[in-house]
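Reader: I have a structure open that I have not looked at before. Can you walk me through parts of it?

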Amino acid sequence: MDFRSYMHLALDEARSAAMRGEVPVGAVIVGQQGVVAKAGNRTRELNDPTAHAEVLAIRAACASLEQERLTGYDLYVTLEPCPMCAAAISNARISRLYYGAADPKSGGVAQGPRVFSHRQCHHAPEIYDGIDAAAAETLLKTFFDARRG
């Protein structure tokens with residue numbers, strides 16, 4: 001089976017989030033049938049601190065598939081998931097996690113608490129980092145520079 005990245009779709013979701021004034025993070029969930037869900041951050045729009053792209057995509061995929069677990073599904077996200085999102089990924093039983101930019105400040109996968117390494121973690125996905133990292137980093141840097149400037 002040939003690998004096909006869906007990070008370009010996650011980046012599109014991140015760009016849409018930025019246009020809404022949200023931190024530009026996008027996520028896409030893919031199965032054998034193709035894309036089953038995609039989302040961008042909506043924390044400000046929904047006044048919901050849990051409305052991260054990953055959580056919204058997981059909720060949409062589970063609702064669409066009418067199941068609580070996403071075994072056999074892949075998640076593409078533009079930024080290293082935070083601890084909350086890493087826990088949601090584990091609970092959803094996502095098979096593979098592909099992410100773009102590392103997040104030294106708030107990451108929960110390779111940085112900070114490293115959620116998937118804890119004994120209490122029931123499931124750890126295969127992890128592939130650095131996918132289109134430069135594009136994701138540029139999008140985030142541009143967004144925050146505009147906010148500060």
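Author: Start with a term: a residue counts as buried when its relative accessible area is under 20%. Keep in mind that this is a predicted model.

Reader: OK. Which residues of β1 are buried on one side, and which on the other?

Author: Gly26, Val28 and Val30 are buried on one side of β1, and Ala27, Ile29 and Gly31 are buried on the other. Both faces of the strand are covered, and the count is 6 of its 6 residues.

Reader: In what sense do β1 and β2 pair, and over how many bridges?

Author: They pair in the antiparallel sense, over 6 bridges.

Reader: How many residues are between β1 and β2?

Author: There are 2, and the two strands form a hairpin.

Reader: And how many bridges join β1 to β3?

Author: 4 bridges, and β1 and β3 run antiparallel. Ala27 has Val77 in β3 as its bridge partner.

Reader: Which of its residues are buried?

Author: Met7, Leu9, Ala10, Leu11, Glu13, Ala14 and Ala17.

Reader: What do the buried residues of α1 pack against?

Author: They pack against the strands β1, β2, β3 and β4, and against α5 (133–148).

Reader: What about just after α1?

Author: Gly21 is there, with a positive phi of about 85°.

Reader: New topic, the rings. How many aromatic pairs are there?

Author: The count comes to 4 aromatic pairs. One of them is Tyr76 with Tyr98, which is stacked at 4.5 Å centre to centre with 10° between the planes. Tyr76 is in strand β3 and Tyr98 in strand β4, 22 residues apart, and the pair links these distant parts of the chain.

Reader: Are those two buried or exposed?

Author: Tyr76 and Tyr98 are both buried. Tyr98 also forms a stacked pair with Tyr128, at 4.9 Å centre to centre and 15° between the planes. Tyr98 lies in β4 and Tyr128 in β5 (residues 126–129), so this pair ties together parts that are 30 residues apart in sequence.

Reader: Why is Tyr128 called partly exposed?

Author: Because its relative accessibility is 34%. Tyr98, with a relative accessible area of 6%, is buried.

Reader: Which residues do the ring pairs link into a cluster?

Author: Tyr6, Tyr76, Tyr98 and Tyr128.

Technical notes:
Residues numbered from 1 in each chain as written. Predicted model: local features only at pLDDT ≥ 70, side-chain atom pairs only at ≥ 80, totals over all residues. Heavy atoms only, no water. Buried < 20%, exposed > 50% of the residue type's maximum accessible area, 1.4 Å probe, protein only. Contact = heavy atoms within 4.5 Å. Phe/Tyr/Trp six-rings, centres within 6.5 Å; stacked < 30°, edge-to-face > 60°. Pairing = 2+ DSSP bridges.
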